Amino acid sequence: VAKGLGIDPSAYLPQLRSGCNLGVECWGGMTLTIPGSDVGIIFFGVQEPFWKKANQSDGPMSQVNHEFTHAIQFAQWLGTGRDVLEARTEAYPCWWSEGQANAVGMTVWAPSYRVYKSSRDYAVTRPFNADGPKPSLSSFSSIALEAFLDQDPATCYRPESNGDYQLGYSVGFAAVEVLIAIGGPRASMAILARTANGDTWKQAFQAVYGLSWEEGRSVIASVL
């Protein structure tokens, strides 16, 4: 498909390979957009023992829906003339990007509460890569969590140097779960639509949830 559009897919191999987790093993997933086009790519590393029915918290379906939710996130920018991977560094924090993909993707996919609870417990306690950069979150106090939630999109989308990015899958997931409990998944999608239409994160949050971001951040941190 990419070649038919005059796009060289090999140029995106380094980004695709960064979705792989351990050396030559490749059980991660990634969603990309092709700059200057409406083309998106969803990549899955289908490898045992992670990609099997008995281990659904990693894959298959939990990961499929996680990446599909990313595609829905990115699609909000179609027709705006902006590259989504660049635009989101001004639009919403990293914990939201990965947290919503887990919170919406996992909830929609789970065939029962028991399965959801199992996958949810794994996601919330997901360990971070000890060999990568260390997260700034040193405790789970309300004060520390508020600081984490207030991360700067302009600097947090650098997982190779910012350890807070990987906490989006766990702490970010729990934070978005709080907001889905309050307003449902559609409210979380409305945040995305408003940021794509030009709202700042704070403007979008207040318009959707009826609270200032400072108030909302405090509520989320207290629940967490």
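Reader: What pattern does the protein follow, read along the sequence?
Author: Read along the sequence, this predicted model follows the pattern α-β-β-α-α-α-α-α-α-α-α-α.

Reader: And how many helices and strands are there in the protein?
Author: The protein has ten helices and two strands.

Reader: OK, and how much of the protein counts as buried?
Author: The protein has 224 residues, and 47% of them count as buried.

Reader: Switching to pockets, what volume does the second largest pocket have?
Author: The volume of the second largest pocket comes to about 310 Å³. Its lining is made up of 22 residues, and those closest to the centre of the pocket are Thr33, Ser37, Asp38, Phe74 and Leu78.

Reader: Which helix and strands each supply at least two residues of that lining?
Author: Strand S1, which covers 29-33, strand S2, which covers 40-44, and helix H2, which covers 61-75, each supply at least two residues of the lining of this second largest pocket.

Reader: How does the lining divide into nonpolar, polar and charged residues?
Author: In the lining of the second largest pocket, eleven residues are nonpolar, eight are polar and three are charged.

Reader: New topic: which residues form a nonpolar patch on the surface?
Author: One such patch is formed by Ile182, Leu211, Val219 and Val223, which together have about 330 Å² of accessible area.

Reader: Where does Val223 lie, and why does it count as exposed?
Author: Val223 lies in helix H10, which spans residues 213-223. Val223 counts as exposed because its relative accessibility is 54%, and the term exposed applies to values over 50%.

Conventions: Residues numbered from 1 in each chain as written. Predicted model: local features only at pLDDT ≥ 70, side-chain atom pairs only at ≥ 80, totals over all residues. Heavy atoms only, no water. Patch = residues over 30% accessible without salt bridge, like charges linked within 9 Å, V, L, I, M, F, W, Y side chains within 5 Å. Areas by Shrake-Rupley, 256 points an atom, 1.4 Å probe, with all protein chains shown as cover. Salt bridge = Lys/Arg side-chain N within 4 Å of Asp/Glu carboxyl O. Helix = DSSP H or I, 4+ residues; strand = E, 2+ residues; numbered from the N terminus. Buried < 20%, exposed > 50% of the residue type's maximum accessible area, 1.4 Å probe, protein only. 1 Å grid on protein atoms, 1.4 Å probe; cavity = no way out; pocket = protein on both sides within 12 Å on 5 of 7 lines; lining within 4 Å. Points joined across faces, edges and corners; volume = space filled by probe spheres on them. Nonpolar A, V, L, I, M, F, W, Y, C, P; charged D, E, K, R; others polar.
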